[in-house]
Amino acid sequence: MNRSLKFNPSKSNRIKLNNHLIRISVLSALNYLAVVHSAYADPCVDNGDGTYSCSSASQNVDTSLAGRLIIDNSSGTATFSNITTETSYSDTFGGQATITHSSNNVGATSAISFSGNYAVTINNIGGLLTMDRSAGNFNPAGWSTDLDGLLYNDRDGLGPVLAGYAAVISAGANVDALTINNMDIYNVAGYPNSTNSILGFISSSGDFSPTHFTATVFTNTPLLTINNTTNGGFANIIGNVVSFGAGTTLINTNGGGLYGNIYAVDRNPLLVAAQTQYFQQNGVELPLAYSTDDVGIRNSTINNSGFLSGNIYLGSGEHVINSTNANGFSSNIFIDQREVAVVDVVGGVATPQTPIHGARTFTMNDITDRGGYSGQMNIIATADSVNTINISAQFLNGGSFTANGLGINTLNLNCANGLTSADTTKCQIINSNGNVTGFTSYNLTGNGFKLGNNVNVTDSINLNANLVELTVASILTAPLITIGQNTTVELLQDSNNPTNPLNIVSRVAGNLVNNGTINLNSNTLEVDGNLVMNAGSKVQLNVTPTTQGHFNNTGTATFDAGSTLAPVVNLSAFGTYTNIRNGETRTIANNASGIPTIENANSLLQWLASTSTGDLVITANIGVTDFLAPKLTTAAKNAVDALFSYTGSESLFLGLQAQLLAQRDENLVQAAERLHPETNDGAFRMVQGNTDKVFGILESRLTNNYLKATPENMQVATTGKLSNLEDGSPTLSKAIWVQGFGDRGLQNGLQQFDGYTSSAAGFAAGIDQALDAAGNQQVGFAVAYARGNVTNTGNTVNNRSDINSFLGAAYASWAMDDWYINGMVGVGRNTYETYRRLLENTAIGRHDSWQFSSRVDVGMPLLMSDSFTFIPLASLDYSHIKESGYSENGKSLTPLLDSTTRPDLAPQPVYINGIPQFNQGQTPTNLKIDGRTFDSVRGGFGAKAIYTLQQNDWAAELELHGLYRHEFGDIAQDTTARFAAGGNSFLSPGINPVRDDFVLGASLRLTGDDENDQVTLLTTYDANIRKQYFGQTMTLNLRYDFDKAPSYKTAAKAKLANMAAKKVLEQKFGATEKDIAAINQAIQPEMQLADDENVLDENQQAIDTTIKNWTAALGNKNLDVYFNTYATDFITPDGSSRQQWERKRKAEISKENNPAINVSYLTIEPNGNQAIAVFTQTMVADAQQTSVRKVVGLENRDGRWLIVRENSMAISQ
């Protein structure tokens, strides 16, 4: 049966114990104060024969006495005080009050003895009490007895002498009680000048072991009380404290030290030791008499708040040890609970009398805030013995416990530390000094234990601590070993043999019942008995390529359906990748019944349990699980299947499989989505968008002339007559123009596909020619370049595509009386650089595409008033894009390992001149991706509304426009690919394209002239809206029309005259609208407006875009874009590595609370492929403004201006 006792070292229990000790200390101090300088105490009288007679109230003050003191307690209780009052002496060991006695024979003697029967109190306050019998030790071969069984010893061959103890203080059974108070002096009341400690010192010297015949105290008084109290210095008792026979012993250390053995036994230890030595010498028993004074049941209580150094010997009585020493104590404790008897000897024949015994109980409460008990305990118990050891400490370093298997012997260990992973914070019992043998039960509670000992008990082992770690040396033996509900038992790897794939770490000899958690790691737990896993219990184990944690049980293994088995995959064990294959089996327990619930992680690897073979076996099932399926795109599912279709031996690819098997939950979803080629439409939309921006520029150019030319230059006078405005003939205008554009877009996740952010910048330039004087027919040619990137969000965040687009286009327009038509056709080439990241792998792909694009749009300008024009319009776009196939070419570095130098260890990294060596290979995520084509056909309709402000030499036009478009073509992003290392090819279906979008925008056009030429400045803003997408585009156009100023002036004057004529005709002549329309048509001048765009130097514009992107990303905390503006070899300001700098900047940026950032005073100085940008950066965050002057170095890397270095200097506020 389970006889374990619950031990709860609660705070209230500690308070009760501490209060008990405090009360003892207070009583001792009160007694001390009562005797100091007592007016009623007499000095002892020197008898002249080496003895002193002391009255019942006597004292020795600051005096040295040599000899024996005999205290008179014949007529009542007696008190003797040995007191130091003079503090000027440097001798701190006893001050001036000294009593010394010495002896060179083996007879009984003492420094202090008593003449009567009444209780006696001895107070030693800063004094010295000593007994020296170092010249009179016993002869172990000289023991003998007389016919009456009295003990003799022949020390020097001169004849036997009646043997007896030598002690500082001795009291017989006739003395009712003996109280000894030993104190030091250290800044206490009555001693204001005592700055150094004057010890209270009681010492004996002589033969301490093995027979222990010299003592500080030797007594069989019915009541012995010792208070050894320190007041801040040292109060020491050096020597044995011997008490025996019927009575009680109470010892309170109260901070003092007791350096010697403590006896609270049932028989006179002098007689026992002599008899033992005699038997060892002669092999026969010595006929020794034990009187009623020598034999009796002795009980004891030891309250230790100081220091104990020596063994403790206890008998069959009721014994209690309470220890609150902060460092614990290490005394060996020997308990003999067998019965004893009086022995009569008559004529040399020994006759034992009726045996007796006490309560046969022992309780030890060792409760400390630091180290616990670390000695050796040996209990000789009987069938009715009850012994309980309670130890609670912050760390336990051992302490061995041995019993003979009789009675109820309970060991309760509580580890009161703060549980962490560090061994130094666990209670470590890791050697043979911590072995437990013969106890009934062994109980662990509290926090962390690390066991390396052997525990062998007769009933049960109960593990109820939060964590119990078992090392290779630990063996637990009991009929029943129980693991508590909230306990984790973990088997540790053999540190001496870390590569052993089958570590038999620990052995359990008995039936093991688990109510908590067993973590086998990759080890074997031998169970010599039955194994029971109750409902709610859990077994966790590591599965490596070659082994797995498991039980080797000799009995049955029973698994409740409510128990849990949690396999954890560790595929990188022992430095190699050897993967678990689908259908592979592993044995967990022998002779098993019942199937536990398998705690499969949300991973690709799922385990299935079975007992069909008689053992508990788990089988690997690899694939997309029901948990994952709803969260993955079809592309991800197909990629996973293709990945695990590989059965070769390429280590990096096997490593990728292993890494995928180790992923869990959302990490696995992210990893699976990164296996396949890009499935969103970001790259296609960017290429299409770049073309749209160029065609939009051309369309704006071709429809910008709303001032009609007339064959005659006429004027309407205020009289209502028409007359010529000026002479001259219209010319065929020519123009050049340049326009810059930039856009940003955000596509949110859609249809399980990740979203993305996009940004692009570019420019276009062109030249065109009017084909008639009225400018109704025009042709032109344009070239354009754009660079952008698409950065994924969601599961594939930081996957990126960098795109360069080149386009050449021809365009033409034809304006008729009521409508116009514009046409554009272009050929372009696009280059792509893709970055697909998975774990530490980056697959880099480079490919290109060719495209053919065209657009036709028609519009019908409706003049709503002289200043307002409304244009309904329709458009049709067609694009054919053909992407090339390609192979990704990411590189992977793996450490070079040596497995031959130390085959007993895991493979070790190879170093040459202190530099680690690496193997370079292909990134296992590299794909071979087939080419694909897209055909986009979009139809759209919309309108423009234009307000014109016309002056003689300039005009301004504000335009609002909107366009709805629908996609009719095939633009699905489907891709076929396979892994470069091998395996099956797979289809990666792309997103189902959104086919409807809207473009809403506005533009402002300013037109002016110089002497001969016309200049036009146009800026445009457009917003592109489709499902879960919002993009914005800005353009700036500068156009220069040669020799067009005269015609522009003519047209401007004509329009102003037309407005004036209309007013005159309406007001003075009552002309109808039909008349006014006829007049307007008659006076239309020939004109052509420019739509050129002012563009910065190409490099300066690209650098300016980089700085803007950098600023926006910093303000929006878009870390992907922010770090993307830096070159990979960026030189960090503080000299740290790029990775260290990125981690530091991420932490700094995350702390900033939505800062507002402004860049001003920007100066760009390009120099070939290098440039320097200088600007002032002002940041406002949390109501605080800081300004710095930044100097940024940039380099052109494959068409992108990237930051290679930067420095900052604070600007005084």
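I began with Tyr1021, which at 31% relative accessibility counts as partly exposed, a class that lies between buried (under 20% relative accessible area) and exposed (over 50%), with a 1.4 Å probe and protein chains only. The model is a predicted one, in which local features need pLDDT of at least 70 and side-chain atom pairs count only at pLDDT 80 or more, while totals for chains, interfaces and linings use all residues. Residues are numbered from 1 along each chain as its sequence is written, and side-chain values use heavy atoms, with hydrogens and water left out.

I placed Tyr1021 in strand S79; strands (E, at least two residues) and helices (H or I, at least four) are DSSP runs numbered from the N terminus. I then listed what Tyr1021 touches, leaving aside neighbours within four places in sequence, and found His961, Leu1000, Gly1001, Ala1002, Phe1030, Gln1032, Thr1033 and Met1034, where contact means heavy atoms within 4.5 Å. I also looked up Leu960, which is 61 residues from Tyr1021 along the chain, and the two C-alpha atoms are separated by 9.7 Å.

**Positive phi**

I next turned to backbone angles, since most residues other than glycine have a negative phi. Gln1028 has a positive phi, near 60°, and sits in the loop between strand S79 (1014-1026) and strand S80 (1029-1042). I noted that Gln1028 is partly exposed, with a relative accessible area of 39%. Tyr1161 also has a positive phi, near 55°, but I found this residue within strand S82 (residues 1156-1167), where it counts as exposed at 65% relative accessibility.

**Val640 in helix H3**

I located Val640 in helix H3 (residues 634-643), where it counts as buried at 2% relative accessibility. Leaving aside neighbours within four places in sequence, Val640 is in contact with Leu604, Val624, Ala672 and Leu675. The C-alpha atom of Val640 is separated by 7.4 Å from that of Gly623, which is 17 residues away along the chain.

**Strand pairing**

I recorded strand S6 (residues 78-83) as mostly covered, with five of its six residues buried. Strand S6 pairs in the parallel sense with strand S3 (residues 57-61) over five bridges, two strands being paired if DSSP finds at least two bridges between them. In this pairing I found Val61 opposite Ile83. S6 also pairs in the parallel sense with strand S9 (residues 120-125), over six bridges, and the bridge partner of Phe80 in S9 is Ile122.

I then traced an open sheet of four strands with antiparallel pairing, in the order S66-S73-S76-S77. Strand S66 (886-887) and strand S77 (986-988) stand at its edges with a single partner strand each, so one side of each is left without a neighbour in the sheet. Strand S76 (residues 975-979) pairs with S77 over three bridges in the antiparallel sense, and I found Ala977 opposite Phe986 in S77.

**Nonpolar cores**

Last, I looked up the largest nonpolar core, which has 130 residues and in which Ile122, Ile333 and Tyr442 touch the most other members; such a core is a set of buried Ala, Val, Leu, Ile, Met, Phe, Trp, Tyr and Cys residues joined through side-chain atoms within 4.5 Å. Domain 1 (459-622) and domain 2 (674-707 + 733-888 + 925-1054) both give residues to this core, so it lies between them; the domain bounds come from an automatic or database domain assignment. Apart from this core I noted another of 26 residues, among them Ala163, Phe218, Tyr263 and Val265.
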